[in-house]
Amino acid sequence: MPRTLLRAASAFLLTLTALTAPAAYADDVTPVAVTVNARAALATVPETGIGSNHAIWDTNLGTDETADRLKDAGVKVLRYPGGSYSDIYHWADHTAPGGYVAPNTDFDTFMRGVRRTGAQAMVTANYGTGTADEAAAWVRQANITKGYGVKYWEIGNENYGNGHYGSAWEADNHADKSPAEYARNVVAYADAMKAVDPTIKIGAVLTTAANWPDAIVADGDSGTWNKVVLSTAGPKIDFVIVHWYPGALDKTGHVPDIVQLTRQQIAKYAGPGSERIGIAMTEFNTGSSSNGTNTQPGALAAADSYATLLANGVFTVDWWNVHNGIGTVTQVEGHTDYGDFGLLSSGVCTSDNSVCEPALNTPFAPYYALQMVSKFARPGDQFVRAATDQAKVSAHAARRPNGDLAVMLINTSSDTSYPVAIDYSGYSPASGAPTVLTHTNGATAITTSSTGSATSQTLPPLSLTTLILHPATPQTGRPGAPGQPTASQVTEKAATIAWPAASPGSRPIVKYELYRQNGAISEQLGETTGTSFTVTNLNPGTRYTVNVIARDSGGGLSWASPPLTFTTGTPAASSCSVRLTVQNDWASGYVGAIDITNNGAPVNGWTLNFSWPRTWQSLGSGWSAVWTQNGSDVKAVNESGNGTLATGASTTIGFVGNYSGPNVLPAVFTLNGTVCTTQ
């Protein structure tokens, strides 16, 4: 056979082998190590956690079948009247000039569906083309006249999309489209609406960290959208609104920083008492039609994101949308993906009728993701830390008031069944097979079985698996959980942590133990018989999350307290000081200026070092120094003209920093090995 034919035959055989090779099974795969740490508590599951959006252009918004489907999925919040339609919708005559309003979608019909679902309403008042008086009249109709008791009211939808930053999709009739004008109107809306019903909660629109136009300062503005809105409207609002369409299925790691940066902005700009302000994600979708909007990969990303957002304290996550309609049709993991952002099929076809969705209200895969999350983490449960050593497998856990523990495991591999070996810290599961809930690729229901053990399970490819575990010993008579800890006297190396005392159980409390969350591992920082403890030997510029646990005279342990997150500073006095200023930001990169001041003896030659806090950050370029990056570490060495710094002298260097996720700025800088004061 000629050599070219041999090569062709060889290539064909290799291709055939690849196509026919069996999937990897558990016996062929190293077990994934899963760690569940009941001492590392996160947020408590709220009543409002799992939500979805309704839209007035959806003919099936108010049907009993739709409501019953949503109830079975565990949906507890329904948002109305539907995204950008909110800013053209007039509730009194049920019109949306410039848009389509379907029959049987009026507010009363919506509320009937809300009640049948067993949910709460999230109503978006018309900011774009409405008035404060119109919104106040809606509150009166809803809560005084009708007695619906609608608690949550947003002021507008995505109002930063009104053209102020160069892109316009949101209706806005105000001549001034700045964040300052929006903030002034939020105050007016809040005053008018709360004059009717003081018990309602008012939400203001913010941008989401690292999502356009976050961090951009437009001409004439005194700051970013979030800074301006919070500075003016902060004292009048009860929650903030963010939307997130990550556009990829692997962005869940961004969530803790999205939430933390939002909280930092609230604390910095919203004024005294800002800790009362909650965070609501009133629109969420994986937003990835190429990777599976309504097939199993999208469902796995949805479950991972919902659990992570709720564990980090977001009080509602609302899927876009209940029904949305067919989009770009593709094949994903052996199934037709209709490019439909809905939870339920709209039962429609492409414009040429070549492809039709399944029957109306057939659940898509993300529906089962929300249903699984609702079974895994119920209102009143407390999320606890869980982690794995395999990138294709993620884990979440929640502790229940009766002592049970639920563990949700997500296998995103297309072709590998992963065995998992689960280790528990602070919890002892009962022997015997646990209850196991499973949803696999293409399945039309969540199955329930009793299989494996608390420490050993096998995860099918592209699957959601939840274990429901009982404790090995009764949980009665244990102390109550300590209250919310607070931090004070925080320096670069120390912090004083205080907490409300726990209520004793059947035996007296003898001490409290303070733990730091280090991933899914708890590191004990100390113990005390009192209700405060000063932690020392901390690292400068580092974010810490801690919990407190009460121990009684018989060794019984309480639940962990709610988490406390705080960040240490840098030395109050040092031989050097550094100020980092963001000169310009375009939501994926920024120009940074670093002012270096020598507070010590004269320096002849210097090296400035810092590290990027996140893997998605990098150095683009730099000037006024010789810049290099090695891994996450950045080094700037003086040039010939600025290497000498007399006592009190300063120099300024600059760089371009790139980022593709929440931009956590570097906080710790060293000059010739000495930690500087960061100003």
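Trainee: What should I keep in mind before I start?

Mentor: This is a predicted model, where local features need pLDDT of at least 70 and side-chain atom pairs count only at pLDDT 80 or more, while totals for chains, interfaces and linings use all residues. Residues are numbered from 1 along each chain as its sequence is written, and side-chain values use heavy atoms, with hydrogens and water left out.

Trainee: Let's take strands. Which way do the residues of β13 point?

Mentor: In a regular strand the side chains alternate between the two faces of the sheet. Helices (H or I, at least four residues) and strands (E, at least two) are DSSP runs, numbered from the N terminus. In β13, Val393, Ala395, Ala397 and Arg399 point one way, and Ser394, His396 and Ala398 point the other way.

Trainee: How many residues of β13 are buried?

Mentor: Buried means under 20% relative accessible area, exposed over 50%, and partly exposed in between (1.4 Å probe, protein chains only). In β13 (residues 393-399), 7 of the 7 residues are buried, so the strand is largely enclosed by the rest of the structure.

Trainee: Which strands pair with β13?

Mentor: Two strands pair if DSSP finds at least two bridges between them. Strand β12 (residues 382-388) pairs with β13 in the antiparallel sense over 3 bridges, and phenylalanine 383 has alanine 398 as its bridge partner. These two strands, β12 and β13, form a hairpin with 4 residues between them. Strand β14 (residues 405-411) is also antiparallel to β13, over 7 bridges, with serine 394 opposite isoleucine 410. The β13-β14 hairpin has 5 residues between its strands, and glycine 403 in the turn has a positive phi of about 100°.

Trainee: Now pockets. What lines the second largest pocket?

Mentor: Rolling a probe the size of a water molecule over the atoms shows where empty space is left. On a 1 Å grid over the protein atoms alone, a pocket is an open set of points where a 1.4 Å probe fits, with protein on both sides within 12 Å along at least five of seven lines; lining residues have an atom within 4 Å of a point. The second largest pocket is lined by 17 residues, and Asn294, His335, Pro363, Ala365 and Gly442 lie nearest its centre. The elements giving two or more residues to this lining are β11 (335-337) and α9 (365-376).

Trainee: Is α9 largely enclosed or open?

Mentor: Of the 12 residues of α9, 11 are buried, so the helix is largely enclosed by the rest of the structure. Among the buried residues are Ala365, Tyr367 and Phe376.

Trainee: Finally, is isoleucine 594 buried or exposed?

Mentor: Isoleucine 594, in strand β28 (residues 589-598), is buried, with a relative accessible area of 0%. Contact means heavy atoms within 4.5 Å. Leaving aside neighbours within four places in sequence, isoleucine 594 is in contact with residues including Leu580, Phe610 and Trp627.
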